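Open the model in your viewer and keep the selection tool at hand. We will go from stop to stop.

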Amino acid sequence: MTTPDPSREPEPTKPAGTATTPYKDRVYRSPAGVVGGVLVLAIVAWLGIDAVVVGEGRTPWLALATMLFLVPVVFAYTLRPAVFVNDDRLRIRNPLRLIVLPWGQVASLRSGFSNEVVDESGTKYQLWALPVSLRARSKAARQDARAARAAARADARGGQGG
């Protein structure tokens, strides 16, 4: 005789309707930012290790000091930024801080020169991990301008015909 698999049954401590999804967070990053960061780190490692091995005098120490400064900075600004999304919350990991916003507190998401999240209190948080496409932004601006012109024409016709 076999026992039922307990992982398939709902947890008795949780009320009905609050079951969490078994899926992991979806992660959004800039692929170009990650590739650029990896390339910069590879170049820094290549030149730095070469200077340490081949260099003379103060050169190895200067190379080590430069690598100790550049590696964390490049990592923080290219590889660390990410946006994690699940059904319950939005988690923004920027270079120097982590922001967790439940979806109930998110008032709007908008794109201008950067992607931003605005919460209910009006605080803006930038999404470093998601780049703004200049082409998409100009296309959206053209569509908004066309919609505004069409609305103006409709108002002008409505005023003349009525």
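What you have open is a predicted model: local features need pLDDT of at least 70, side-chain atom pairs count only at pLDDT 80 or more, and totals for chains, interfaces and linings use all residues. Residues are numbered from 1 along each chain as its sequence is written, and side-chain values use heavy atoms, with hydrogens and water left out.

Select 32-49 alone. This span is 100% helix and 0% strand. Its end C-alpha atoms are 25 Å apart. Now take 61-79. Here too the chain is 100% helix and 0% strand, with 26 Å between the end C-alpha atoms. Helices (H or I, at least four residues) and strands (E, at least two) are DSSP runs, numbered from the N terminus.

**Next: a surface patch**

Select Ile49, Val52, Val53, Val54, Trp61 and Leu64. Together they make a nonpolar surface patch of about 610 Å². Patch residues have over 30% relative accessible area and no salt bridge; like charges are joined within 9 Å, nonpolar side chains (Val, Leu, Ile, Met, Phe, Trp, Tyr) within 5 Å. A salt bridge is a side-chain nitrogen of Lys or Arg within 4 Å of a carboxyl oxygen of Asp or Glu. Areas come from the Shrake-Rupley method with a 1.4 Å probe; for residues, only the protein chains shown count as cover.

Helix 1 (31-54) and helix 2 (59-79) each give two or more residues to the patch. Which helix gives the most? Helix 1 does, with four residues.

Zoom in on Trp61, in helix 2. Is Trp61 buried or exposed? Trp61 is exposed, at 65% relative accessible area. Buried means under 20%, exposed over 50%, and partly exposed in between (1.4 Å probe, protein chains only).

Four strands form an open sheet in the order 1-2-3-4, paired antiparallel. Two strands pair if DSSP finds at least two bridges between them. Strand 1 (26-28) and strand 4 (98-102) are the edges, each pairing on one side only. From one strand to the next, the twist averages 15 degrees. Axes are lines fitted to C-alpha atoms, for helices over the stretch in contact, and angles run from 0 to 180 degrees between N-to-C directions.

Select 82-85 and 89-93. These are strand 2 and strand 3, joined by four antiparallel bridges. Find Val83: its bridge partner in strand 3 is Ile92.

Five bridges pair it with strand 3. The two form a hairpin, with four residues between them. Leu90 stands opposite Leu101. In a regular strand the side chains alternate between the two faces of the sheet. On strand 4, Ile99 and Leu101 make the covered face, while Leu98, Val100 and Pro102 make the uncovered one.

Five bridges join strand 5 to strand 6, and a hairpin of three residues links them. Look for Leu109 opposite Val117. Then follow strand 6 (residues 115-119) to strand 7, across three bridges. There, Glu116 faces Gln126.
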